[in-house]
Amino acid sequence: MTDHLPRIPRSDAVDNRERILEAARVLFATEGLNVPLREVARRAGVGPATLYRHFPTKEILATEAFAEQMRTCHAVVDEGLADPDPWRGFCSVIERICELHSRDRGFTAAFVSAFPKAVDFTADRDHALKAIAELAGRAKDTGKLRPDFVLDDLILMLMANNGIQAASAAAQVAASRRFAALAIQAFRAAPERSPLPPVARLALVLPGVTR
């Protein structure tokens, strides 16, 4: 009968898996997806063989590491779709998605990548994009979202948002909020001057440029 019982992972194997995921989340968030897997293993305190036994590819590791961010992304989009005012819902999605991505460079890199070997991540990403496309269509129908907006504009915005280099994590989020406000003004069908969020201290300071 023991041959038919489910195999329960050893506690040390579970601990190793969680340490790898935690190390991956930290490194992907701060350094992006280009971080070597050997560095992830080193940060987790395990050997490369142990890492590859749990996560044979970087795509599989990233899918597991970004599961929470993807759930948050879905929740943000679903709440935007549920808003009775499509333009307000669309603006909320832009603001919150930019902030979510500003906190994790690796998540943005994964979101805009093909990731052919990560079927679940790709399906989740495509589901989110289709929902945003539906929301954008509703916002266009109100006349508030410019009619030539396409999903490629959203991807372009996320890539630009990912390039923000701030002096601290808090400044990174603040700069992302200001960038999102600028993007929303660009997406608006009719020009409207709305107050921008406060300026954030960026990592790059250009001589002779007034803030």
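Which residues in helix 5 meet which residues in helix 6? The points below take up this and related matters.

1. The model is a predicted one, in which local features need pLDDT of at least 70 and side-chain atom pairs count only at pLDDT 80 or more, whereas totals for chains, interfaces and linings use all residues. Residues are numbered from 1 along each chain as its sequence is written, and side-chain values use heavy atoms, with hydrogens and water left out.

2. From helix 5, Q69, T72, C73, V76, V77, E79 and G80 meet G89, V93, R96, I97 and L100 of helix 6, where contact means heavy atoms within 4.5 Å. Helices here are DSSP runs (H or I, at least four residues), numbered from the N terminus.

3. Helix 5 (residues 67-82) packs against helix 6 (residues 86-102) at an angle of about 165°, and their axes lie 8 Å apart, the axes being lines fitted to C-alpha atoms over the stretch in contact and the angles running from 0 to 180 degrees between N-to-C directions. Helix 5 is therefore roughly antiparallel to helix 6, a term that applies to angles over 145 degrees.

4. In helix 2 (residues 37-44), L37, V40, A41 and A44 are buried, that is, under 20% relative accessible area with a 1.4 Å probe and protein chains only. Because these residues cover an arc of only 100° around the axis, they are on the same side of helix 2, the arc being that of the directions from the helix axis to the C-beta atoms. On the other side, R38 and R42 are exposed (over 50%), and just after helix 2, G45 takes a positive phi of about 75°.

5. C73 is buried at a relative accessible area of 0%, and C91 also counts as buried, at 11%.

How values were computed: Helices (H or I, at least four residues) and strands (E, at least two) are DSSP runs, numbered from the N terminus. Angles under 35 degrees count as roughly parallel, over 145 as roughly antiparallel, 65 to 115 as roughly perpendicular and the rest as oblique.
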